[in-house]
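Subject: Handover of a structure

Dear colleague,

Please find the structure below. I would be grateful if you would read the notes that follow with the model open beside them.

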Amino acid sequence: MSNHNKTDHHKDDELHITSYSEHFGTWVSLILLTFMTVFISVYGADLNTLTVATALFIASVKALVVAYYFMHLKYDPRIYRVMLLVVMALFVVFLIMLIFDYLTR
Amino acid sequence: MTESEISQPNYLQVKKGLFSWIFTLDHKRIGLLYLYSVGAFFLVGVALGVLMRLELLNPGRDIIEAQTYNQVFTLHGVIMIFLFIIPSIPAVFGNFFLPIMLGTDDVAFPKLNLMSWWLYVVGALFALSTLVFGDGPADTGWTFYAPYSVKTGTNVSLSVLAAFILGFSSILTGLNFIVTIHRLRAPGMGFNDMPLFSWALYATSWIQLLATPIIGITLLMIVAERILGIGLFDPSIGGDPILYQHLFWIYSHPAVYIMALPAMGIVSEIIPTFAQRTIFGYKAIAYSSMAIAFVGYFVWGHHMFTSGMSGPAAYIFSILTFFVAIPTSIKVFNWLATLYKGSINIQVPLLFAVGFIFNFLIGGLTGLVNGALAADVHLHDTYFVVGHFHYVMFGGTGFAFFGALHYWYPKMWGKMYNRTVANLAFAILFIGFNMLYFPMFILGIMGMPRRYYDYLPEFHTFNQISTYGSWILVTGLLLMVYNLIKGYFSKPVSEPNPWNGITLEWQTKSPPPLHNFDKAPELVKGGPYNYPNAING
Amino acid sequence: MEHTFSLPNSGHNYDAKASKLGMWLFLYTELLLFGGLFMVYMVYRSLNSDDFLIASFNLDVWLGAINTVVLLTSSMTIAMSITAIQLGNTKLSLRLQFLTVLAAVIFLVIKYFEWGAKIEHGLWPGMEHFISMPHGQQLYFYLYFFMTGLHGLHVVVGMIFILIVMNKIRKGSIHKNKHQLLENSGLYWHLVDLIWIYLFPLFYLIH
């Protein structure tokens, strides 16, 4: 297919191949993060809400790593990152508006 | 590129037989498949509506029982929302014209497109099967509010599954359109050179894509509760029914813009063609579609002001609701400014477009009345709301749908209807419509609640006027349908461009060839609505 | 097709970028599908945080952690299989996909035993032990079964998707120069992983 529209892609025509070692490195970091979050939860201090916040923070870091490296977002045209960001932002605003109702009742 | 002039057969002649239709991958045929199925369900929905109006002619029981009435208004709602309005303009005219307007030969995923239609058919069968199976169709209203929807003996599960499947069909259509718009525009056509109908569809598709899954999962929770006993909204186990309402409206309010935005796109096509001048404020109209889609995500709470939601949340939802009016009125002012100093050619499509503006204005402004907290406490669940959303949905989207049908009729079939009869049908329709729904505003302010088969004697007069209006409306509808069908059997007309339109669909033949264009279409210089002889004021 | 003239921007061309964009859009709908459940989780957890905490002690953190590792590993193998096919090593690519499917099966088996143990303890909605629990804990288990069940369903779908792709690679319709479907199945599989990344802390790690 000819490359006719300017907006979506300019530099993405050259194929980017992620190396095996990069995938392996990604995997190692994900496993480390998993053990970190498990250990914090099992042996960590009882911090209640803070524990949940930590767990969710680590989960988000993991999700970002998966999306960026395994799902190739890092090397994709910017529009993919922008769209995902918009979708996630939309979802977060849903969460905030929803919980606002319950917190102010 | 090759420019051979060998003309292809048109899409209607290419192949014959039922299978060449129901398994077609041609976006134009799929558009027509949608048109016929959507049209059939519309007429069923109308029949149910007339039945309800007939019951409401006099106080007390006239022709149907209370329970039957509850089932009839539920079925009317489900059919009209999920089987008619949501797929109407995007699936019929979007399918047929989006690729042509972008100067391509099909949508990005033709097979997925066919699958969407089949999902629609399956969903429709599920919805209709409630008539036969179990204890009759649901009696919950189309909103399926918990906990009643998980307790009632009627066949809610099947209706809800139907809505789920139809939602999936709608998601796939939206997905297809977004990719088509991103990938298949004609060489040289940037986003800001697209016709405004494409912009409207683009905004709509994003709503279909991002809002529909939420209702999908919510409805699955209802089914899980009814079948597996997994109950999340049941107050008896600590669940919160208001949470159901939140989730339901997170989809269903944006869904209102799934219904309205494509209609606005149609009006933005019709008006420049019949004013023969460039559209006023192209970018304002295009981006206001996106703005409506965006703001529309955050106003769902205005359906729940009286449900027990917190006060501060209600203020916020109310304020945001008023924001939606801004991009909407931007569009209206731009349409009016386009007509100003245009060489106006009054034809049926333009009449429908102006009818749309008139009705939508009333529907939109009464929406603000509902969106105001104090007024809503009084008007919630009264006939005022019924009047409001029928003005928006039927007077707005419905009229735009008819307008589009009349506008593109010669393009789709290469035939022409009788224009005098069409004008007459419009007039009857317009009068009947306003007579049917305007009294509902007055009834609502007087305090008549919705969804009852009976009412107090003091509401009698306006209910009578409304029911008489429904008869006039149906007369107009039938005349219009008759005229359109009769036109189909008339002689083919030679002129491919009866309205002198300049968007790409008017460059090709009528009906279009199988692959839409015999040669690469030429983009109009200076934007899609740059009419050569226009007075640019 | 009998036509002689075709547009450069035809919808009938093979267009890997369109296919990829379409897949991403589909993933957004999947994210929001689970998003609806996360909303329900958030609301009920904020209303019953103590009950959720107590109920979460019924789950085995280590089984959850093992499943997390299994899924992360499968995500790596499917990502590597794309690298392999891009480098033209079809055999290795197929092997890596096979490992992914194997991981999916292991995940489901572990999940099966987890669910089985819960049901044995009478924690399925409507069972005796379940009914005796406070409302908040009941909601926790409703959500646990619903969300992990739906996730399990996605694991099955993703597995079937990869099997279809493997079959197409064997038949030669997916190859070095035309492998978008494999990438799409990979994207889908990563999504399954992504959702689990959130389910794991929300159900197992909220102590």
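At what angle do helix H8 and helix H11 of chain B pack, and how far apart are their axes? Helix H8 (residues 241-275) of chain B packs on helix H11 (residues 348-371) of chain B at an angle of about 135°, and 9 Å lie between the axes. Helices here are DSSP runs of H or I with at least four residues, numbered from the N terminus. Axes are lines fitted to C-alpha atoms over the stretch in contact, and angles run from 0 to 180 degrees between N-to-C directions.

This is a predicted model, in which local features need pLDDT of at least 70 and side-chain atom pairs count only at pLDDT 80 or more, while totals for chains, interfaces and linings use all residues. Residues are numbered from 1 along each chain as its sequence is written, chains are lettered from A and ligands numbered from 1 in the order in which they are written, and side-chain values use heavy atoms, with hydrogens and water left out.

H8(B) and H11(B) are therefore oblique to each other; angles under 35 degrees count as roughly parallel, over 145 as roughly antiparallel, 65 to 115 as roughly perpendicular and the rest as oblique. Ala, Val, Leu, Ile, Met, Phe, Trp, Tyr, Cys and Pro count as nonpolar, Asp, Glu, Lys and Arg as charged, and the others, Gly among them, as polar.

Two further pairs involve helix H7 (residues 196-227) of chain B. Helix H3 (residues 66-101) of chain B packs on H7(B) at about 130°, with the axes 10 Å apart, which makes H3(B) oblique to H7(B). The residues in contact include Phe93(B) of H3(B) and Leu201(B) of H7(B); seven are nonpolar, three polar and none charged. Helix H6 (residues 156-183) of chain B meets H7(B) at about 155°, with the axes 7 Å apart, so H6(B) is roughly antiparallel to H7(B).

In chain A, the mean pLDDT is 85, and 82% of the residues reach 70 or more; pLDDT is the predictor's confidence in each residue, from 0 to 100. Over residues 1-12 of chain A the pLDDT is below 50.

Yours sincerely

Key. Helices (H or I, at least four residues) and strands (E, at least two) are DSSP runs, numbered from the N terminus. Contact means heavy atoms within 4.5 Å.
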